[in-house]
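Please consult the sequence and coordinates alongside the text.

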Amino acid sequence: MTAEPVAWRADGVPRSERFDDIYHTETGALAQSRHVFLGGCGLPQAWAGQPQWRILETGFGLGLNFLTTWQAWRSDASKPRMLHFVSVEAHPVGAGDLLRAAEAYPELASLARELVAQWHGLLPGFHRLAFDEGRVLLTLCIGDVQAMLRAQRFEADSLFLDGFSPQQNPAMWSPDTLKAVSRFARQGTGLATWTYARAVRDALSQNGFQLERRAGLPPKRDCLGGVFAPAWTVRRRGPAPARIELPGRCAVIGAGLAGAAVAASLARRGWQVTVLDAASRPASGASGLPVGVLAPHVSPDDALLSRLTRAGIRATWLELQRLLEEGRDWRASGVLERRPEGDTRVPAGWSDSGPNESWPANAAQLTATGLPADAPALWHARAGWVRPSRLIEAWLREPDVEFRGNASVARATQGADCWQLFDAADRLLIAADRVVVAAGFESGRFAPKLPLQPVRGQVAWGRMAGLPVTPLNGDGHLIAQVPDADGAPLWLAGATFDRDSTDLAPSAADSASNRDRLARLHPTTAAALAPAFERGEVNTWVGVRCASGDRRPLVGPLDEAASGLWACTALGSRGLSFAALCAELLAAQWHGEPLPLPATLAKALGTQRL
């Protein structure tokens, strides 16, 4: 699971020992990217004035096609609002080799540094990287090319066929692979590749591409371009993904993590978004928790929830870095997860050398947290604490997002050309093209068919210095050394789970339960806080989460017969992990974009599953 090694020749050309081939022509990677791939697909001219452009590449390699495309997008006054670049790579190289390859080209060097900053945790599967305020989205599909192509679904505007030579890497150019690539093509999709091999041309022609021979870059005489224009009617295995061409006005019900994340994702794509909430200010429900833990679920078999939370944390992490102040609004501290005795299992092959970002904690990490050196625990490097309200406020400050408080929506009615939201007095609150329900456990009023369950939670919190800097979780959690508004160190411990309860009154029994949980999690902290508990100086916070029947979020349409009414809800106790990911999934489904998750994982979050 180590990074793919790159052998650098004396002339600076990178070579793969696995495939006994060079990564790009001796003429230079930048020239190849511009001439063969961008030029071969008519870019940047072809994307002028488009709302988005979607590129599928086979073979990410050293990332120079992506960097060149990104640089062309940045430089183009007529660029599309969104640029999607999806690339398949079975053997990702290390960050150092990415930088070395790009630094030969001054116009790409700064972009490469931004890429390398997100080049982490590249386990098999999908990884969504975001640049330029989330308007350039790179989806890395790490794994076998055919498996990765089966897991993704969108209509590409351009196809970049790259990879080592057909002689050295025949699987990348096999008829089955090229047939799979053709499933991403629509009428008029452009195609470009550096090879002019007869077998490749024959396979592409048989799959509906009209091809032309083009001048290559020395030492290659020819390269290949084409367009998808089959002489027959293409039969798809399912309907083409729905696609909204022109964003309009959207109303979001609920100003918690889910609603704010949806508003920001849609506004990024050109929507005018109004977020309505019954409370006077955002984050007044379960998302108003003073501070929360952001940490992945880990299981020995890398189960569905583990893969979903890992993808979700990557999405949230990007937003935290982009919008918030590290150390004040959130902290990339890592998280120590206490485990039952003898259970620190992780998937086979995972270690502290990566690319996984969770592993069994070592003695130094345990001791630094004030635990016995032999305590069973996992260390999560890509984890920390977050003030949820700060993230919500930042999302709601994004351009084209309006927050409207004291706006309690009683009913939603679909008219001839829009949705109308009314309050309890039957006054019209807003008319919108689309509505997203993100109202936590109140979502059930608009989605009675969804199996939603309220889950009451209570935490204890206060102020005290000298407690562990690293958050702990397991059976409960402990977060400390969080700077409050006045600079005092805040701590929080909990939480309880009371299903089917919406009671917001503090419970003495729950306070005692949280104290017992803290004593098991971190005895030293429990002892230090005991006097504050005894004197009644510990504060209580209560919120009601929303969970689904299978404890996964719900993203999708509420009624196939009533188009334009969607839900993004049931984030449960993992709102920080799931909000950004679910919002991007919803936006991708509206716009026919590449999915941020493999299709099976996206389906596992859909409203249609229940």
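The sections below cover the basis of the model, one annotated span, the strands, the helices and the cysteines.

## Basis of the model

The model is predicted; local features need pLDDT of at least 70, side-chain atom pairs count only at pLDDT 80 or more, and totals for chains, interfaces and linings use all residues. Residues are numbered from 1 along each chain as its sequence is written, and side-chain values use heavy atoms, with hydrogens and water left out.

Helices (H or I, at least four residues) and strands (E, at least two) are DSSP runs, numbered from the N terminus.

## Annotated span

An unreviewed UniProt entry places the feature "domain: MnmC-like methyltransferase" at residues 106-227. UniProt positions follow the numbering used here, feature names are shortened, and annotations may be inferred rather than shown by experiment.

## The six-stranded sheet

An open sheet of mixed pairing is formed by six strands in the order β20-β13-β12-β24-β32-β31; two strands pair if DSSP finds at least two bridges between them. The edges are β20 (401-404) and β31 (554-557), each with a single partner strand, so one side of each lacks a neighbour in the sheet. From one strand to the next, the twist averages 20°.

Helix α14 (residues 575-591) lies across β12, β24, β31 and β32, at about 160° to β32. Contact means heavy atoms within 4.5 Å. Axes are lines fitted to C-alpha atoms, for helices over the stretch in contact, and angles run from 0 to 180 degrees between N-to-C directions.

## A hairpin

Strands β22 (residues 419-422) and β23 (residues 428-432) run antiparallel and are joined by four bridges. Gln-420 has Ala-431 of β23 as its bridge partner. The two strands, β22 and β23, form a hairpin with five residues between them, and Asp-426 in the turn has a positive phi of about 65°.

## Helix pairs

Helices α1 (residues 29-38) and α2 (residues 64-75) pack at about 70°, with axes 9 Å apart. They are therefore roughly perpendicular to each other (angles of 65 to 115 degrees; under 35 is roughly parallel, over 145 roughly antiparallel, and the rest oblique). Residues making this contact include Phe-37 of α1 and Thr-68 of α2.

Helix α9 (residues 304-323) packs against α11 at about 75°, with axes 11 Å apart. Thr-316, Glu-319, Leu-320 and Leu-323 of α9 meet Leu-391, Ala-394 and Trp-395 of α11. Helix α11 (residues 388-396) is largely enclosed by the rest of the structure, because seven of its nine residues are buried (under 20% relative accessible area, with exposed over 50% and partly exposed in between, using a 1.4 Å probe and protein chains only). Among these buried residues are Pro-388, Arg-390 and Ile-392.

## Cysteines

The whole structure contains zero disulfides, a disulfide being a pair of cysteine sulfur atoms within 2.5 Å. For Cys-546, the closest cysteine sulfur is in Cys-568, 11 Å away and too far for a bond. For Cys-568, the closest is in Cys-582 at 4.9 Å, also too far for a bond. Cys-546 counts as buried at 5% relative accessibility, and Cys-568 counts as buried at 0%.
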